[in-house]
Amino acid sequence: MRISVILSTYNSPVWLWKVLCGYDCQSYRDFDLIIADDGSTEDTREIVERFQAESSIPIKHVWHEDNGFRKTEILNKAISASRADYLVISDGDCVPRSDFVDTHRRHARPAHFLCATYYKLTMAVSEAVTEPHIRSGQAFDFKWLHEQGQPKSMKRLRLVAGPMLGSLLNRITPTKANWSGANSSGWRDDILRVNGFDERMKYGGEDKELGDRLKNNGIRPIRLRYSAICLHLEHARGYVDPESYRRNQMIRHETRRGRLVWTPYGIEKANHADNGQHRAA
């Protein structure tokens, strides 16, 4: 099973380097990386080239010019550029634990996608985490994180739960299972069958709408919230727009109400019967 990890990023080279260090430390190494770059400056290209020079993990840089928040478009371009059977999709601000890729690989099942989440760090702790902390695994030790100022909460179970407790928590969590842009994976063919991400959508639920169409097409979700672990590095969110969010919610509502499995605004741009919006049988 060939695996590609697709990471979205935009002008966050310091955070991206920390994330790439996490992938360089993976216990399972038979995968490649694709950077889905939504218009970053040369600093990001230099980080990718540095990783190419220092790591044995193959990496590809897919870029388009900066024209506002176009994450769905660059993710579709990265999916098209991939040649793997299986895609792990995450963000360039989410540092993976050393078993991250292997966890997605081991839990992959036909006609299913995997959905997880992240453990969110404060800004101060995000800055305190350095490359040595990532490479040693210390960055995933809650005791150390707490010493740096990370507050206690029940969410720390994502870091401290072992395999048995984590498996139980995955099954009983009340959180609805759906695609998460920060930490999900699925078969490339399944994603292509629903035409990837809907490029009309800006920030806010654009990842979940893909999950809605996958489920409408018979692809079932499997939760890995307490097994596939990554740390989210804090950052500003200048791209948040309430109007775009409301439009996204309307698109999601139509997808769910109409049981749509295809978007005409995805990877393929050709016209399709039924206005391109195929419905589940």
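Me: Which residue of β10 stands opposite Lys120?
Reply: In this predicted model, β7 covers residues 119-120, and β7 pairs in the parallel sense over 2 bridges with strand β10, residues 230-232. Across from Lys120, the residue in β10 is His232.

Me: What is the strand order of the open sheet of 3 strands?
Reply: The edge strands, each pairing on one side only, are β5 (94-96) and β7 (119-120). The pairing within this open sheet is mixed, with β7 and β10 joined in the parallel sense. The order is therefore β5-β10-β7.

Me: How many residues apart in sequence are the parts that the pair of Tyr23 and Phe100 ties together?
Reply: Tyr23 and Phe100 form an edge-to-face pair, with 6.2 Å from centre to centre and 85 degrees between the planes. Because Tyr23 lies in helix α1 (residues 13-24) and Phe100 in helix α4 (residues 100-107), the pair ties together parts whose separation in sequence is 77 residues.

Me: Is the pair of Phe113 and Trp179 stacked, tilted or edge-to-face?
Reply: The ring centres of Phe113 and Trp179 are 5.6 Å apart, and both residues are buried.

Notes:
Residues numbered from 1 in each chain as written. Predicted model: local features only at pLDDT ≥ 70, side-chain atom pairs only at ≥ 80, totals over all residues. Heavy atoms only, no water. Helix = DSSP H or I, 4+ residues; strand = E, 2+ residues; numbered from the N terminus. Phe/Tyr/Trp six-rings, centres within 6.5 Å; stacked < 30°, edge-to-face > 60°. Buried < 20%, exposed > 50% of the residue type's maximum accessible area, 1.4 Å probe, protein only.
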